[in-house]
Amino acid sequence: MATGRSAVHVSPGGEAGNDEARALVLRYLRGEARADPYPLLHRIRSAGPVWLGDGVLVLSSHEQCAAALRSGEPARDGARACPHAPVRLRRLLDRALDGPTLAGLAPVARSVVDDRLDSVAARGRLEVVSDLAHPVPMAVLSRLLGLPAGDAPWLHRRLRTLGGAYDSVLTGAADAASEAERRRAETDVEAYLAEVVRGRRDRPGDDLLSRLTGADRGGGRLTDAAAASAGRLLLVAGYETTAALVSGSVLALLRAPHEGDALRRDPGHARRLVEETLRVDPPLQVVRRRAGTDLELCGVRVPRGTEMVLLLAAAHRDPDRTAHPDVFAPADAPPHMAFGAGAHLCPGAPPARLIAQTVLVRFAQRVTGARFARGTPSYRRSAALRGLRALWVDAEGIAARDLPWPQPDTEDARHPSMPLFPAEERKP
Ligand code: HEM
């Protein structure tokens, strides 16, 4: 067992519970319903809270997951692929991922989307995951941290490995070989970032690592090791999740072509499309919490020390919250917890939204007559980090990049936390 007691023990036993519900949860966590996990998640939620054994409680209703996110503590031990920022770093990150930073990232996202569409224009077919979903977050995160563009392929391989390890943290199912591979990837990325940070001491730049190491206003200065670690946290937490959101959003668009028409009429619609994708198909489907004290969560008694596995993907489709939970309805877009809630709410939500909205807007504008090219979309092995493996699209044409970028509508201007384009870029 690679991850110790913090992992979900898949052997039955421990507390009394519903054997059938427990079997359903284990099927879900083992990724046995990857193509469409939602019918299974409905059954799990209908069964109510499930004790797996060894003090592990699975919650899946909206009310209970929301309460646990806010009152539980991060499950830290063994959770290295499950990111949590210490309080001091968290304050620095919130300041660092603010409006002006986003304003600087928007042109990077736009130009890489256009470059990638140019590169596939001649063949009239694209594979969304490798042509857009990975390159755009990689370019944006690299710009954020000041990493050379040429390092992207090296970094991509390691971040894929680290993203793929998230499930093993939940299930404890990692074999020795994959655990060794995960550790190697983690060590590589940390050593790489440590070297970048050392370079920044002599030549500070306009990037987050320089700001973190020199950030002595209020929050204090981070040591080189802490800055490198923070960089790894951002890359691991932000890369695969955002790639999954991008490909999931494009998939949603292909499945509902009328939404593409709405998007072409109103680029501000990208915000609603992305939010609804986050609700119906959240990239991070599962998070963990630990009860630091005895808790009472919406009628469930949770003794201190209990590990809680929160099935956000089930909570988002809770019929007690939404009349038609399985219907993709961007116009209504009920609220979701895809970025968590409470003290650990994802600080990377603004750049993730910016990236996904930018891709959608440009895809709808430039890729004409887009349709599924072949087969059904396939998903990666992971249950907790839900991302497409490949998504082939045929296009009648890919328009030239000199089309003007659309300006956001007024509704977006009223939602600064969900920017299509950061406020600084908006025309009056
Ligand atoms: C669609 C993309 C993303 C999704 C779905 C996502 C989801 C989440 C969720 C659910 C949490 C809370 C985990 C918990 O409560 O246990 C979280 C935390 C976090 N995310 Fe994201 N995230 C995304 C993108 C990003 C990006 C782009 C970054 C960095 C630039 C980032 C950095 C972080 C960090 C540092 C934390 C830990 C926060 C803390 O512990 O206070 N995430 N994310």
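**A sheet, a helix residue and a ligand shell**

Both faces of strand S5 are covered: Val286, Arg288 and Arg290 on one side, and Val287 and Arg289 on the other, are all buried. This is a predicted model.

Visitor: How many residues of S5 are buried?
Guide: Side chains in a regular strand alternate between the two faces of the sheet. In S5, Val287 and Arg289 take one side, and Val286, Arg288 and Arg290 take the other. S5 is largely enclosed by the rest of the structure, because its buried residues number five of five.

Visitor: In what order do the five strands form the open sheet?
Guide: The pairing in this sheet is mixed. Strand S1 (50-53) and strand S3 (73-74) are the edges, each pairing on one side only. The order is S1-S2-S8-S5-S3.

Visitor: Which residue in S5 is the bridge partner of Glu73?
Guide: S3 and strand S5 (residues 286-290) run antiparallel, joined by two bridges. Pro74 stands opposite Arg289 in S5. The partner of Glu73 is Arg290.

Visitor: Which residue in S8 is the bridge partner of Val287?
Guide: S5 also runs antiparallel to S8, and five bridges join them. At Val287, the partner in S8 is Leu310.

Visitor: What angle does the direction of helix H3 make with that of S8?
Guide: Helix H3 (residues 62-71) packs on the sheet. H3 touches strand S2 (56-59), S5 and strand S8 (307-311). Its direction makes an angle with that of S8 of about 130°.

Visitor: Is Glu276 buried or exposed?
Guide: Glu276 sits in helix H14 (residues 269-280). Leaving out residues up to four places away in sequence, Glu276 touches Phe328, Ala329, Pro330 and Ala333. A residue counts as buried when 20 or more other C-beta atoms lie within 10 Å of its own. Glu276 has 23 within 10 Å, so Glu276 is buried.

Visitor: What distance separates the C-alpha atoms of Glu276 and Asp332?
Guide: Along the chain, Glu276 and Asp332 are 56 residues apart. Their C-alpha atoms are separated by 8.4 Å.

Visitor: Which element gives the most to the shell around the ligand?
Guide: Helix H4 (87-96), helix H12 (224-255) and helix H16 (349-366) each give two or more residues. The most, seven residues, come from H12.

Visitor: How many residues of the shell around the ligand are nonpolar?
Guide: There are 26 residues around the ligand, and Gly238, Thr241, Gly340, Cys346 and Gly348 come nearest. By class, seven are polar and one is charged. The nonpolar residues number 18.

Technical notes: Residues numbered from 1 in each chain as written. Predicted model: local features only at pLDDT ≥ 70, side-chain atom pairs only at ≥ 80, totals over all residues. Pairing = 2+ DSSP bridges. Helix = DSSP H or I, 4+ residues; strand = E, 2+ residues; numbered from the N terminus. Contact = placed C-beta atoms within 7 Å. Axes fitted to C-alpha atoms, helices over the stretch in contact; angles between N-to-C directions. Buried ≥ 20, exposed ≤ 12 C-beta atoms within 10 Å, placed from the backbone. Near = placed C-beta within 6 Å. Nonpolar A, V, L, I, M, F, W, Y, C, P; charged D, E, K, R; others polar.
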